[in-house]
Amino acid sequence: MPNLLPTILVGSGMKFIRRRPDVFSAEQVVMQQIARYNISVADLYPRISLNGSIGFSAISFSNLGKERSLAWNLGPSISWAGLNFRRVRNQIAAEDAFTHSALHQYEQAVLTALEEIKTSMSFYTKSLERQKMLAFCRKMMITSN
């Protein structure tokens with residue numbers, strides 16, 4: 001009679017799904033695509049930034065670096081795609097379609113993972129039943145001798 005392997009604790013199916021590289025990768029793609037979509041939506045609003053520079057300005061090289069040759073500039077900047085709303089809305093629609101596609105691929109990865117886990121668990125359950133049957137047969141052979 002063959003030697004029997006010890007029973008293995010397998011855990012829950014959700015833990016298996018979260019650890020699978022294909023599901024993790026598809027989830028990362030969805031998150032990246034959602035970020036791209038959000039960036040495209042942000043183009044609908046004006047951007048305000050504060051710009052500045054500092055440096056030296058002198059007529060002669062000997063005055064360069066002295067306190068009176070210090071020059072600086074500070075000011076706000078506003079940019080807005082106000083005249084390009086059609087382009088912005090088309091970009092949003094494209095990113096929305098890409099996001100739906102990425103979400104569909106994620107769902108497919110999860111469904112494939114569930115099917116593979118279900119099949120593996122079924123094989124594992126059948127092997128446990130076989131193991132119990134072999135143990136019973138071994139016990140019967142030992143008691144009959």
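A charge is taken to sit over a ring if NZ of Lys or CZ of Arg is within 6 Å of the ring centre and within 35 degrees of the ring normal. This is a predicted model, in which local features need pLDDT of at least 70 and side-chain atom pairs count only at pLDDT 80 or more, while totals for chains, interfaces and linings use all residues. Residues are numbered from 1 along each chain as its sequence is written, and side-chain values use heavy atoms, with hydrogens and water left out.

**View 1. R89 lies over the face of F85.** The distance from R89 to the ring centre of F85 is 5.9 Å. F85 is partly exposed, with a relative accessible area of 29% (buried, under 20%; exposed, over 50%; partly exposed, in between; 1.4 Å probe, protein chains only).

**View 2. W80 and F85 form an edge-to-face aromatic pair.** A search of the whole structure finds one aromatic pair (ring centres of Phe, Tyr and Trp, the last by its six-membered ring, within 6.5 Å; planes under 30 degrees apart are stacked, over 60 edge-to-face, the rest tilted). In the pair of W80 and F85, the centres are 5.7 Å apart and the planes make an angle of 80°. W80 is exposed, at 53% relative accessible area.

**View 3. Helix α2 (residues 21-42) meets helix α3 (residues 85-144).** Their axes come within 9 Å and cross at roughly 165° (lines fitted to C-alpha atoms over the stretch in contact; angles run from 0 to 180 degrees between N-to-C directions; helices are DSSP runs of H or I, at least four residues, numbered from the N terminus). The α2 helix is therefore roughly antiparallel to α3 (under 35 degrees, roughly parallel; over 145, roughly antiparallel; 65 to 115, roughly perpendicular; the rest, oblique).

Note on methods:
Helices (H or I, at least four residues) and strands (E, at least two) are DSSP runs, numbered from the N terminus.
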